[in-house]
Amino acid sequence: MDQNRPGAEEKFDDEDYPAYTMGRAADMLEVTQPFLRSLEEAGLIAPQRSGGGHRRYSRRQLRRATRARELVDQGTPVTAACRIISLEDQLAEYTDRPESAAQG
């Protein structure tokens with residue numbers, strides 16, 4: 001087995017491993033494929049491409065898409081929902097920093 005390739009266990013634990021096809025992702029999230037494409041166009045998610053050019057999504061991307069769907073279901077436009085999520089991520093990154101790094 002190639003030592004540089006991740007094993008099955010590493011892939012299962014990797015939040016960023018692109019394991020889900022667009023169709024499967026849409027089914028899991030109960031959204032349409034065009035909705036997922038709109039999140040890509042808005043810059044919220046950037047799915048990897050398979051050798052054949054098909055979009056592949058990670059669990060982290062699916063969680064972001066789920067949050068976008070929640071906001072859109074509440075009446076927020078897609079582009080605004082994507083911006084809100086980006087700002088939430090920035091805030092979480094800032095507030096999760098150790099105290100010494102935040103003061104430096």
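1. The largest pocket holds about 190 Å³ of space. Its lining consists of Leu 44, Ile 45, Ala 46, Arg 60, Gln 61, Arg 63, Arg 64, Arg 67 and Asp 89. Helix α4 gives the largest share of that lining, 5 residues. A pocket here is an open set of points on a 1 Å grid over the protein atoms alone, where a 1.4 Å probe fits, with protein on both sides within 12 Å along at least five of seven lines; lining residues have an atom within 4 Å of a point. The volume is the space filled by probe spheres set on the points.

2. On the basis of the model: it is predicted, local features need pLDDT of at least 70, side-chain atom pairs count only at pLDDT 80 or more, and totals for chains, interfaces and linings use all residues. Residues are numbered from 1 along each chain as its sequence is written, and side-chain values use heavy atoms, without hydrogens and water.

3. Helix α3 spans residues 33-41, and its buried residues are Phe 35, Leu 36, Ser 38 and Leu 39. Buried means under 20% relative accessible area, with a 1.4 Å probe and protein chains only. These four sit on the same side of α3, because they cover an arc of only 155 degrees around the axis. The arc is taken from the directions from the helix axis to the C-beta atoms. Helices are DSSP runs of H or I with at least four residues, strands are runs of E with at least two.

4. What do the buried residues of α3 pack against? Their partners are α2 (22-29), β3 (55-57), α4 (59-73) and α5 (78-95). After α3 comes Gly 43, with a positive phi near 85 degrees.

5. The largest nonpolar core has 18 residues. Among those with the most contacts inside it are Leu 36, Leu 39, Tyr 57 and Ala 68. Such a core is a set of buried Ala, Val, Leu, Ile, Met, Phe, Trp, Tyr and Cys residues joined through side-chain atoms within 4.5 Å. Two or more residues each come from α2, α3, α4 and α5.

6. Met 22 lies in α2. Met 22 counts as buried, at 10% relative accessibility. Beyond four places in sequence, its contacts (heavy atoms within 4.5 Å) are Gln 33, Leu 36, Arg 37, Arg 55 and Tyr 57.

7. Ser 58 sits in the loop between β3 and α4. Its relative accessible area is 3%, so Ser 58 is buried. A polar atom of its side chain lies 3.4 Å from the backbone oxygen of Glu 15.

Terms used
Buried means under 20% relative accessible area, exposed over 50%, partly exposed in between (1.4 Å probe, protein chains only). A polar contact is a pair of N or O atoms within 3.5 Å; within protein, one must be able to donate a hydrogen and the other to accept it, and residues adjacent in sequence count only if both atoms are side-chain atoms.
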